[in-house]
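Please keep the sequence and the model in view while reading the points below.

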Amino acid sequence: MRQKRSEIYSVELSGTEDIVRTDQGDDKEKYRGLKNNCLERKKKNHEEEFQKELQLDDHKLSNTELEKKYGTNIITGLSSTRAAELLARDGPNSLTPPKQTPEIVKFLKQMVGGFSILLWVGAFLCWIAYGIQYSSDKSASLNNVYLGSVLVLVVILTGVFAYYQEAKSTNIMSSFNKMIPQQALVIRDSEKKTIPAEQLVVGDIVEVKGGDQIPADIRVLSSQGCRVDNSSLTGESEPQPRSSEFTHENPLETKNICFYSTTCLEGTVTGMVINTGDRTIIGHIASLASGVGNEKTPIAIEIEHFVHIVAGVAVSIGILFFIIAVSLKYRVLDSVIFLIGIIVANVPEGLLGTVTVTLSLTAKRMAKKNCLVKNLEAVETLGSTSIICSDKTGTLTQNRMTVAHLWFDNQIFVADTSEDHSNQVFDQSSSTWASLSKIITLCNRAEFKPGQENVPIMKKAVIGDASETALLKFSEVILGDVMEIRKRNRKVVEIPFNSTNKFQLSIHETDDPHDKRFLLVMKGAPERILQKCSTIMINGEEHPLDKSTAKTFHTAYMELGGLGERVLGFCHLYLPADEFPETYSFDIDTMNFPTSNLCFVGLLSMIDPPRSTVPDAVTKCRSAGIKVIMVTGDHPITAKAIAKSVGIISANSETVEDIAHRLNIPVEQVNQRDAKAAVVTGMELKDMSSEQLDEILANYQEIVFARTSPQQKLIIVEGCQRQDAVVAVTGDGVNDSPALKKADIGIAMGIAGSDAAKNAADMVLLDDNFASIVTGVEEGRLIFDNLKKTIAYTLTKNIAELCPFLIYIIAGLPLPIGTITILFIDLGTDIIPSIALAYEKAESDIMNRKPRHKKKDRLVNKQLAVYSYLHIGLMQALGAFLVYFTVYAQEGFLPHTLINLRVEWENDNVNDLEDHYGQEWTRYQREYLEWTGYTAFFVGILVQQIADLIIRKTRRNSIFQQGLFRNKVIWVGIASQIIIGLILSYGLGSVTALSFTMLRAQYWFVAVPHAILIWVYDEVRKLFIRLYPGSWWDKNMYY
Amino acid sequence: MAALQEKKTCSQRMEEFQRYCWNPDTGQMLGRTLSRWVWISLYYVAFYVVMTGLFALCLYVLMQTVDPYTPDYQDQLRSPGVTLRPDVYGEKGLEIVYNVSDNRTWADLTHTLHTFYSPAAQEDSINCTSDQYFFQERFLAPNHTKFSCKFTADMLQNCSGLVDPDFGFEEGKPCFIIKMNRIVKFLPSNGSAPRVDCAFLDQPHELGQPLQVVYYPPNGTFSLHYFPYYGKKAQPHYSNPLVAAKLLNVPRNTQVAIVCKVMAEHVTFDNPHDPYEGKVEFKLKIVK
């Protein structure tokens, strides 16, 4: 198994590696190195295999060769019949969903998981016992058969219930997964047709326009200004141009291939489908991601641990008493029946169902707070999270470029970057601003999509790239209707931005009817713009650009750049009217207009600003002992700037580089221990051994990983897990899915996330907001605490149910409580109260304590078991025995007469058994009394379970600090307990099969003093825990 | 990944367990040092002593509240059970099978009856003749008790074993003893003595005639002066009244079901759950 795992894994890595080369270009070698580093045991042959699969040479072929290869025609497309044939051969063009466990297997798993095995054993023992009885005595009573059947029924019911819960939560997710079917425009039979993208086959000629998803892997045949967003594939958000030229040997880097599921941002492209469905690049990654195994969730481990404890106790007590019973000369058959009783008494039948309900209640609560939980157990995992590896873009930031700073008049102004931009406070009176704003408005090709009049400006959809969109929205907010301004300043000619020019230029008529001059506006990379300028505008007046002004420009540029912001320079020139009359015809090819000696107006910097709720959330995480690590593909400077602004790197901590810079010494001389924060780039990471990575993860509190590739994200997650941390990973791209799967809890983004990411994740953030994770953590921690309480509550009565059997065997009393009655407690009266504990509020600020250590802080620890079993459980047993003895005594059997009465008592042939008063009892009269005893014992446990429920509300605080009535559900639980008890005793008291009888009202109160004693004892326990933290008492009594 | 999934080997587990049992570095046994063990044990001893004490106190209080002479509740003993001697049980209830000619098959039965009769000392009991209830409000008998009426074997005459030590088993006309269970302060009827009535459960078709029974004491009555019963403490020498039924015409070689009911106003025999309430059924087969 291990072998196989690592194979899949290595294939996966080399797979993504290839993809990453697309954006990393020349750094091919560095990623090789990384791969060698991270996977020493990697399998060369597998890598080659995958390489072979990617031996795509379609990008090298000419159009005619392609036509030949795929038997198609670029003009007329495939014929419908041929397409149908290919569809039949290759299957639909969609990703095979990850392999699901068959429903029946899931169902059977529920049937045999947990305690079910024990109950099955019990049931079979019952039947075997009956079989033996029957073989010797044909008239053997059917009681054992009934009991066995009841046990099986219990197993099946709880199994069905758990299965139903599971299915329900899966359904939420699958409904969420359902998307509107994608359409594709395809040429077939020389006609353009719109067909569902699923029906595409290789050789189809498709047309994709800006805003559409690429429906399959396609080879570009022709394109007009097409740019695609490969971020879901590579994590890089920079749009990439696409054209029909073959530019690179590597299919993943060449410009003439577009990949399935990426988005065409602008322009149009016509291409031939070369791969569909699972054979696409995305298909490869998706199928490989499913190869990364799921770790067991912490709560699953805890529950398993708990089941082991309880089952261990049950089996060992059972066997111990089996031996005792046999050596006490009981018949083996009777001893087997005792064994069953002990098992039934020990197993909290209802508990696993309760846990499921509790988790799904919390899941519902979290869904309301925008955390959609796919996997119920993930609810708690989030609570035990100790490291969050967070993406930057979209999660911590708003995922849109926003104008953050402006520089004009030798001054830096701060723009409002909050989500609604409403509060722009910088000085807008300067006439330099008037000029600058004009350039911003005019030198911009972005436009709002029509039909959004009522949408707030910041939410309007825009056609154009990220920075132009930012500028458009910025100017729209400040100046009003930008379209109107552009209309007044008619555009005469423009040169769009391109990477060789690094500027964008346009020439406009002015809106002043008396001014016949043309206005040339230009924006671009600041240094390029500065080169083209000879003057600079300060306070509305042009000044010559001398060395000192150039220096102030550079200082400002460096400062803004140092903030990790993208800086743009703006300049303009009014073309003299005599040289450029109104009729002048501008020609962009010959550039018959000046592009130098312009007037520099200002700088403007943009950033993807952090979400306003994030800094607060990060602080909360920090106080909750959770390390937040930023892992991003972005530049270190930008990453660090965002990390600082959201508090991932706190204001007063420095990196090694910062210290070196401050002290003006080389980086090597800085004491590593002085630095609290670290910014590690992918370049550095690839040279590190896993020990070095461990060291970084262990030594630095504040870490930012920048320029990382997706598989490095996986390495970081593994590094964190080596520290015994429970790691949460956020991600949205396809490339994140292995890391999401690898993480203890993968969190996908609901809005920005790709389907592959959502599939791999355990949880989906519907609002893509980091702050939602924090609420999730809070809920997760609360549920862990509350589950502890629930389990403590449930375990307690096990002793009260078990003792009767032990006493029955040893002292020979008439059986105090029947197996069926026990089931009525476990699955009847105790269910609602134990669920009610899930609604308990936190005792103290749970976000101020460290996350639990997943190996040390167990759900069920020794203290919990000991305190529940040996303290409260024992007190309960005594209380219940008191009720039992009272009932028997008042009917004539005083306690001492009961001892060793068992054999005669249960003998059907003794119909004149004498009691303390000399009265004689028939078998049936005794049996009826025995049932009354069951009912009494039942009521005794029930009454004390009410006290138990109340004391379990808190583990440390006094009940009075917590508030007795704050959790109303508890009272519903208590009421349900009493009502069910009343119904069983008085409603069903006449149904003999259930062995309940109508109990006199006063017996309900016999155990009340014991219940009060339990409460008092527990208050004393909590008092000492609060008074002497860390003491012997605290260590032994706090669970 | 590797670190998390590593399975411990068996020897590692054993080593860990050994270390748990005795850790030489910290001097811990089973996770606690010796002094810690003493402390925790002392706590538990104290805790359990207190708990046991409290429980004992509760039981003591319970015993104090319980009436020594009469049980607090008798709702489950509304009607007395009836039992039969000799009592040999088969798969379903009483089943008596014996061979007239083989005395080994009924020796046990007669032995049961003999031992059943060997009465406790009845010196302190008085002879009663009245056929009224023998109510006693006060404790007039010696040692602060109440008087009990004497019931001796000879009152059963032919079925007493004194006249016929074989209780009629040899001649195929066996005696059966019917006993009514004691219930404190129970009054079976409103003045007439309760009477035993035995009959075939299902009238055997081939015989066509009812069961002929001779009852001892005559009429098969329990004399009223044995009632009410005041409990073991008040009447330590109480002896149960009995009725013997000598069955005269039991067919040979067939199993017959016979029911003996106690006829009295306050004795019911129609409880579907309790086959021994107010009546006793038994199967009898006399082989010849």
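The domain bounds used here come from an automatic or database domain assignment. On that basis chain A is divided into domain 1 (58-84 + 181-291), domain 2 (348-365 + 777-1037), domain 3 (371-397 + 611-768) and domain 4 (402-584). The model is a predicted one, and the values that follow are computed from it.

**Where chain B meets chain A**

- The contact between the chains draws on 53 residues from chain B and 56 residues from chain A.
- Between them, chain B and chain A bury about 4,900 Å², and 57% of this area lies on carbon and sulfur atoms.

**Polar and charged links between the chains**

- Seven salt bridges are counted between chain B and chain A.
- A salt bridge joins B:K232 to A:E914, and the closest N and O atoms of this pair are 3.3 Å apart.
- The count of residue pairs in polar contact between chain B and chain A, with both residues at pLDDT 80 or more, is 25.

**What the chain B side is made of**

- Four elements of chain B, namely α1 (2-5), α3 (34-65), β4 (82-85) and β6 (175-180), each supply at least two residues of the side that touches chain A.
- The largest share of that side comes from α3(B), which provides 14 residues.
- Sorted by class, the side of chain B that touches chain A has 28 nonpolar, 12 polar and 13 charged residues.

**Where domain 3 meets domain 4 within chain A**

- The C-alpha centres of domain 3 of chain A and domain 4 of chain A lie 36 Å apart, and five residues of domain 3 are in contact with five residues of domain 4.
- The area buried between domain 3 of chain A and domain 4 of chain A is about 330 Å², with carbon and sulfur atoms giving 48% of it.
- Three residues, A:S612, A:I637 and A:A641, supply 70% of the area that domain 3 of chain A buries against domain 4 of chain A, which is more than any other three residues supply.
- Across this interface of domain 3 and domain 4 of chain A the rule finds zero salt bridges, while one residue pair is counted in polar contact, with both residues at pLDDT 80 or more.
- By class, the side of domain 3 of chain A that touches domain 4 of chain A has two nonpolar, two polar and one charged residues.

How values were computed: Residues numbered from 1 in each chain as written. Chains lettered and ligands numbered in written order. Predicted model: local features only at pLDDT ≥ 70, side-chain atom pairs only at ≥ 80, totals over all residues. Heavy atoms only, no water. Contact = heavy atoms within 4.5 Å. Buried area = accessible area lost by both parts, 1.4 Å probe. Salt bridge = Lys/Arg side-chain N within 4 Å of Asp/Glu carboxyl O. Polar contact = N/O pair within 3.5 Å; in protein donor to acceptor, adjacent residues only side chain to side chain. Nonpolar A, V, L, I, M, F, W, Y, C, P; charged D, E, K, R; others polar.
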